[in-house]
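Colleague: Could you walk me through this model and tell me what stands behind the labels you use?

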Amino acid sequence: MTWRTVKALADAASPEELLRGQWQGRPSVLNEYKPYLDDRWSEGCTNAWKLCEEIVPLGYKGSYQRVSAYLRQKRTSPRPVTAQPPSPRTVAGWILRRPTALSETEQLQLKTVLAHCRPAQPPRPRRWHRPRPGCCH
């Protein structure tokens, strides 16, 4: 290391002061397409090759590696912590108990679960199998 590099490292008050140069603050070729990639990522499409093929017709001129690096960063970033959904056994217990026996939080959780359930369908009429000759015993 030269004495100037050592002096710059010693004089820096924070690590951000060391991050300078021609590449800092420069816009990426991918910036225009990041909102589209984020939307597709939240829809569940995490295949970098497929997403790259989708943005090329939109005018993207960059490389697959740049898209892959952006998605890799999303894969490795910490995800927000979300509560685990209640188990089927827990929900069944809530349904079978008297509503007065449930705590307020259990009542709220049960309402949330029931709001996400589709209504029960009436059972279909049963079709009886009529044995054909040689089909059954």
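Modeller: Gladly! This is a predicted model, where local features need pLDDT of at least 70 and side-chain atom pairs count only at pLDDT 80 or more, while totals for chains, interfaces and linings use all residues. Residues are numbered from 1 along each chain as its sequence is written, and side-chain values use heavy atoms, with hydrogens and water left out.

Colleague: Thanks. What elements does the chain have?

Modeller: The chain has seven helices and zero strands. Helices (H or I, at least four residues) and strands (E, at least two) are DSSP runs, numbered from the N terminus.

Colleague: Why are Tyr-33 and Tyr-60 called an aromatic pair, and what makes it edge-to-face?

Modeller: Rings of Phe, Tyr and Trp (its six-membered ring) pair if their centres lie within 6.5 Å; planes under 30 degrees apart count as stacked, over 60 as edge-to-face and the rest as tilted. For Tyr-33 and Tyr-60 the centres are 5.5 Å apart and the planes 80° apart, so the pair is edge-to-face. Tyr-33 lies in the loop between helix H2 (15–18) and helix H3 (34–42), and Tyr-60 in the loop between helix H4 (48–55) and helix H5 (64–76), so the pair ties together parts that are 27 residues apart in sequence.

Colleague: How do you know whether Tyr-33 is buried or exposed?

Modeller: Buried means under 20% relative accessible area, exposed over 50%, and partly exposed in between (1.4 Å probe, protein chains only). Tyr-33 has 8% relative accessibility, so it counts as buried. Tyr-60, at 3%, counts as buried too.

Colleague: And what label does Lys-50 get?

Modeller: Lys-50, which sits in helix H4, has a relative accessible area of 39% and is therefore partly exposed. Not counting residues up to four places away in sequence, Lys-50 touches Arg-40 and Cys-45; contact means heavy atoms within 4.5 Å.

Colleague: Which residues of H4 are buried, and what puts them on the same side of H4?

Modeller: They are Ala-48, Leu-51, Cys-52, Glu-54 and Ile-55. These residues cover an arc of only 160° around the axis, so they are on the same side of H4. The arc is that of the directions from the helix axis to the C-beta atoms. An α-helix has 3.6 residues a turn, so residues three or four places apart point the same way.

Colleague: What covers those buried residues of H4?

Modeller: The cover includes H3 and H5.
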